[in-house]
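Thanks for coming. I have one structure to go through this morning, so let me put it up.

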Amino acid sequence: MKYILVFLVLFFVANPSSKETMTWNASRKLTWSDFKANPNPSSGAVALTASGITFGYSVKTSGKRIVDFSASVEAHFYPNKSWYIKERANTYILKHEQLHFDITELYVRKFRQQLDGLVVNQNIKIQMNQIHKAINDALDNTQRTYDEQSNHSINLEAQKYWEAYITEELLKLEKYKSE
């Protein structure tokens, strides 16, 4: 039997040049010291959270037939691509940035849920790649919508709504939380 390993990565923000990452953990919230990149003062933003999903899978074959598969999906934060403007940052904005990372975790759980429903077949690699693309698109759309509706945290009511909504959605998918 032969094992084939494929490793794919999708990022909400451009592929980081540094390998340093932090895996999402419910008991470990972001701190400003995690944001290590130089700020972009011309962006108009106070901070930027670079987060993304790592996705890898392997298939087990017997002859030319796929007989099994396994996959790994995780949410990561990229310190060397994340930044903040110290003079304008505060705990409220950090909470907004944390929610971007939490949204990434939500889509990791949705990804795991969809992978959990797959049945081994000869198109499994194609199916996993299609799910990967769809999750990436949905994550990007949700991140954009979150910033638009909360006006990058300025709209207090929308920010509060998103915090409650993401918390609720994460709880619904608790089964797909990483150990």
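This is a predicted model: local features need pLDDT of at least 70, side-chain atom pairs count only at pLDDT 80 or more; totals for chains, interfaces and linings use all residues.

Before the aromatic residues, one definition: rings of Phe, Tyr and Trp, the last by its six-membered ring, count as a pair if their centres lie within 6.5 Å. On that basis Trp32, Phe35, Phe77, Tyr84 and Phe101 form one aromatic cluster.

Staying with the rings, the structure holds eleven aromatic pairs. I will show two of them. In Phe55 and Tyr57, the ring centres are 5.5 Å apart and the planes meet at 40°, so this pair is tilted. The cut-offs behind that word are 30 and 60 degrees, with tilted pairs in between. Phe55 is buried, at a relative accessible area of 0%. Tyr57 is buried as well, at 3%.

The other pair is Tyr161 with Trp162. Here the centres lie 6.2 Å apart and the planes are at 85°, so the pair is edge-to-face. How exposed are the two residues? Tyr161 has 47% relative accessibility and counts as partly exposed, whereas Trp162 is buried, with 5%.

The largest pocket has a volume of about 310 Å³. Its lining is made up of 19 residues, and those closest to the centre are Ala45, Val46, Ala47, Glu97 and His152. Which elements give two or more residues to this lining? They are strand S3, residues 47–48, and helix H1, residues 91–116. H1 supplies the largest share, four residues. Sorted by class, the lining has eight nonpolar, eight polar and three charged residues.

Last, helix H2. H2 covers residues 124–150, which is 27 residues. From its first C-alpha to its last, H2 reaches 38 Å, close to the 39 Å expected at 1.5 Å a residue. Which residues of H2 are buried? They are Ile124, Met128, Ile131, His132, Ile135, Leu139, Thr142, Gln143, Tyr146, Asp147 and Ser150.

After the helix comes Asn151, which has a positive phi, near 50°.

I will take questions now.

Conventions
Residues are numbered from 1 along each chain as its sequence is written. Side-chain values use heavy atoms; hydrogens and water are left out. On a 1 Å grid over the protein atoms alone, a cavity is a set of points where a 1.4 Å probe fits but cannot get out, and a pocket is an open set with protein on both sides within 12 Å along at least five of seven lines; lining residues have an atom within 4 Å of a point. Grid points are joined across faces, edges and corners, and a volume is the space filled by probe spheres set on the points. Ala, Val, Leu, Ile, Met, Phe, Trp, Tyr, Cys and Pro count as nonpolar, Asp, Glu, Lys and Arg as charged, and the others, Gly among them, as polar. The expected span of a helix is 1.5 Å times one less than its number of residues. Buried means under 20% relative accessible area, exposed over 50%, partly exposed in between (1.4 Å probe, protein chains only).
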